[in-house]
Amino acid sequence: MMKIDVLTLFPEMFSGVLGHSILHKAAEKSAVQYNVVNFRDYADNKHQTVDDYPYGGGAGMVLKPQPIFDAVAALREQAESKRTRVILLCPQGKRYDQKKAEELAKEEHLIFVCGHYEGYDERIREHVVTDEISIGDYVLTGGELGAMVVIDSVVRLLPEVLGNQESHMKDSFSTGLLEHPHYTRPSDFRGMMVPEVLLQGHHKLIEEWRNKEALRRTYLRRPDLLEKIELTNDQENWLNEIKKEYE
């Protein structure tokens with residue numbers, strides 16, 4: 001079972017996300033255990049202050065190292081796993097992607113550090129954190145929303161969490177390509193028809209159509225992804241056909 005600890009100044013933000021849908025079901029199935037901690041509880045001063053003015057001056061407040069250091073140490077001591085990944089959510093981190101989600105899903109213990117204010121004392125990055133993650137090139141008011149995104153993308157990959165174990169294997173980015181289009185009933189909706197190949201029950205042709213459409217969608221929307229993967233001979237031929245359609 002994976003253990004996920006979250007260090008935040010606003011633990012109430014996580015109750016709705018972790019208490020519903022797939023994340024909640026994952027906990028019910030004992031695939032994951034969540035523990036949301038207010039790291040203000042670890043402050044060693046009577047006012048439970050967790051931030052202070054930056055040395056050298058400047059706008060904003062900076063999170064002090066002591067509460068984070070002590071909170072992470074306590075959580076590591078409580079964990080059964082000897083290997084812990086401590087993840088800092090921040091705009092300076094490495095851009096998050098599906099490959100990283102798959103990597104983290106193999107771990108037993110994750111600690112997410114969600115900061116607020118102007119930033120973190122640099123010693124937190126240097127001596128506590130194992131991973132710095134950014135969910136995009138923009139700035140949020142805190143790390144909570146980023147942590148929720150990462151947790152959701154990781155937990156859904158855990159064994160037995162999704163009803164169909166093949167579901168996440170064909171997700172966008174899992175194969176290096178965007179996912180193919182999906183259709184459901186009715187086959188004719190206000191004159192808009194489902195592609196005929198999907199109605200014939202020929203599984204080989206359906207799989208071929210899906211592969212081609214995944215290539216088409218990637219070529220049109222995210223051609224940069226095609227530079228990062230090695231295509232099969234069939235995929236190379238299909239891609240050439242697709243390119244000719246748009247010349």
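So, which side chain does Asp137 reach in a polar contact of 2.6 Å? Arg95: the two side chains are joined by that contact. By polar contact I mean a pair of N or O atoms within 3.5 Å, where within protein one must be able to donate a hydrogen and the other to accept it, and residues adjacent in sequence count only if both atoms are side-chain atoms.

Before I go on, the ground rules. This is a predicted model, with local features needing pLDDT of at least 70 and side-chain atom pairs counted only at pLDDT 80 or more, while totals for chains, interfaces and linings use all residues. Residues are numbered from 1 along each chain as its sequence is written, and side-chain values use heavy atoms, with hydrogens and water left out.

Okay, back to Asp137. Asp137 sits in the loop between E8 and H6. Helices (H or I, at least four residues) and strands (E, at least two) are DSSP runs, numbered from the N terminus. Gly136 is in the loop between strand E8 (131-134) and helix H6 (144-155) as well. Buried or exposed, then, for Gly136? Gly136 counts as buried because its relative accessibility is 6%, whereas Asp137 is exposed, at 66% relative accessible area. The cut-offs there: buried is under 20% relative accessible area, exposed is over 50%, and partly exposed is in between, using a 1.4 Å probe and protein chains only.

Both residues also turn up in the record. The unreviewed UniProt entry has a "binding site" annotation covering Gly115, Ile135, Gly136, Asp137, Tyr138, Val139 and Leu140. From that set, Gly115, Ile135, Gly136, Tyr138, Val139 and Leu140 are part of the lining of the second largest pocket. A caution on the record: UniProt positions are in the numbering used here, feature names are shortened, and annotations may be inferred rather than shown by experiment.

Let's look at that pocket. The second largest pocket has a volume of about 430 Å³, and of the 24 residues lining it, Leu89, Cys90, Pro91, Tyr120 and Leu140 are the closest to its centre. Who supplies the lining? Strand E5 (85-95), E7, helix H5 (122-127) and E8 each give at least two residues, and E5 gives the most, with 4 residues. For the method, on a 1 Å grid over the protein atoms alone, a pocket is an open set of points with protein on both sides within 12 Å along at least five of seven lines, and lining residues have an atom within 4 Å of a point. Grid points are joined across faces, edges and corners, and the volume is the space filled by probe spheres set on the points.

E7 takes us to a sheet. Three strands form an open sheet in the order E3-E4-E7, with mixed pairing. Strand E3 (51-52) and strand E7 (119-120) are at the edges with a single partner strand each, so one side of each has no neighbour in the sheet. Strand E4 (residues 62-63) pairs with E7 in the parallel sense over 2 bridges; two strands pair if DSSP finds at least two bridges between them. Leu63 has Tyr120, in E7, as its bridge partner, and Tyr120 is one of the residues closest to the pocket centre.

Now the aromatics. How many aromatic pairs does a search of the whole structure find? It finds 2. Tyr183 and Trp209 make a tilted pair, 6.5 Å centre to centre with 50° between the planes. Rings of Phe, Tyr and Trp (its six-membered ring) pair if their centres lie within 6.5 Å; planes under 30 degrees apart count as stacked, over 60 as edge-to-face and the rest as tilted. This pair links distant parts of the chain, 26 residues apart: Tyr183 is in the loop between H6 and strand E9 (188-189), and Trp209 is in helix H7 (residues 203-221). Trp209 is buried at 14%, and Tyr183 is partly exposed at 45%.

Tyr219 and Tyr246 form a tilted pair too, 6.4 Å centre to centre and 50° between the planes.

Most residues other than glycine have a negative phi, and most peptide bonds are trans. Arg185 and Pro186 are joined by a cis peptide bond, with omega about 0°, and Pro186 lies in the loop between H6 and E9. Gln48, not a glycine, has a positive phi of about 55°. Arg190 has a positive phi near 55°, lies in the loop between E9 and strand E10 (192-193) and is exposed at 73%.

How values were computed
On a 1 Å grid over the protein atoms alone, a cavity is a set of points where a 1.4 Å probe fits but cannot get out, and a pocket is an open set with protein on both sides within 12 Å along at least five of seven lines; lining residues have an atom within 4 Å of a point.
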